[in-house]
Amino acid sequence: MQNIQNKRTVLKKALYAAFPNTIPILAGFLFLGMTYGIYMNVSGFCFWYPCLMSLTIFAGSVEFVAVNLLLGAFHPIQALAMTLMLNARHLFYGISMLDRFRGMGLKKIYLIFGMCDETFSINYTAEIPPDVDRGWFMFFVTLLNHLYWFAGATLGGIFGSFITFSTEGLDFVMTAMFVVIFLEQWLKEERHESSLLGIGLSVLSLAAFGSDGFLIPSMLSILAVLTLLKKPLTKGGASL
């Protein structure tokens, strides 16, 4: 009985510590998730399509693209290539989280599945209180963000038929949310070498490869440069 009570205390502490970090994601995911659900609805799909896809895929950009894939002819190779191209950045997220996921047990399976951009940003940079279990903290951050997206997509799918205003431009909320996350990390850093390197290398890749092809080269160059400069940046107090 005592063990059960201790377990509940550990879970409660982790949940209470995780939730405040996900509040900005709650607003963004509900809004953008509803946009996705409405988009599915006006494209002719029942509400359970966005409901099921948000629960099992949990990759916002892929889910938006999947609408056109479902409406067109079946091309599995094209769908695979598109998915890999859109989510190639998750390979680098996974590499960055290898040490943090060690010893997580079965939780690691869900942490890998549910690691979206926003969840990665929180779990990688959050200052977890010393009395809070790190594994359960990351688990609840992942679970809460997953539930926010699921709830938004489902509500959008249900109420989409009642929406009459134009939804053009609503997807900009994701860009705005990334800007907020970056600014929060910037304010936490004592020095900004790693952030400035990321911005500079991304701008160079954009100039070299254009807006359609800069994402993967920019991430490769950021990974390579930060790996080479890890020791001097860490000694200098910069946050990686």
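**Exercise 1. Describe residues 15-39 and 46-71 by helix content and end-to-end distance.**

Solution. 
- Over residues 15-39 the chain is 100% helix and 0% strand, with end C-alpha atoms 32 Å apart.
- Helices here are DSSP runs of H or I with at least four residues; strands are runs of E with at least two, and both are numbered from the N terminus.
- Over residues 46-71 the values are 81% helix and 0% strand, and the end C-alpha atoms are 13 Å apart.
- Both stretches carry the UniProt annotation "transmembrane region", from an unreviewed entry that also covers 146-163 and 199-229.
- UniProt positions follow the numbering used here, feature names are shortened, and annotations may be inferred rather than shown by experiment.

The model is predicted: local features need pLDDT of at least 70, side-chain atom pairs count only at pLDDT 80 or more, and totals for chains, interfaces and linings use all residues. Residues are numbered from 1 along each chain as its sequence is written, and side-chain values use heavy atoms, leaving out hydrogens and water.

**Exercise 2. Characterise the packing of α2 against α8.**

Solution. 
- Start with geometry: the axes of α2 (residues 48-56) and α8 (residues 134-159) come within 8 Å and cross at roughly 170°.
- Axes are lines fitted to C-alpha atoms over the stretch in contact, and angles run from 0 to 180 degrees between N-to-C directions.
- List the contact (heavy atoms within 4.5 Å): α2 supplies P50, C51, S54 and L55, while α8 supplies H146, W149, F150, A153, T154 and G157.
- Sort by class: 6 nonpolar, 4 polar and no charged residues.
- Ala, Val, Leu, Ile, Met, Phe, Trp, Tyr, Cys and Pro count as nonpolar, Asp, Glu, Lys and Arg as charged, and the others, Gly among them, as polar.

**Exercise 3. Locate F58 and state its phi.**

Solution. 
- F58 sits in the loop between α2 and α3 (60-71).
- Its phi is near 50°, a positive value in a residue other than glycine.
- Most residues other than glycine have a negative phi.
- F58 counts as buried, at 7% relative accessibility.

Notes: Buried means under 20% relative accessible area, exposed over 50%, partly exposed in between (1.4 Å probe, protein chains only).
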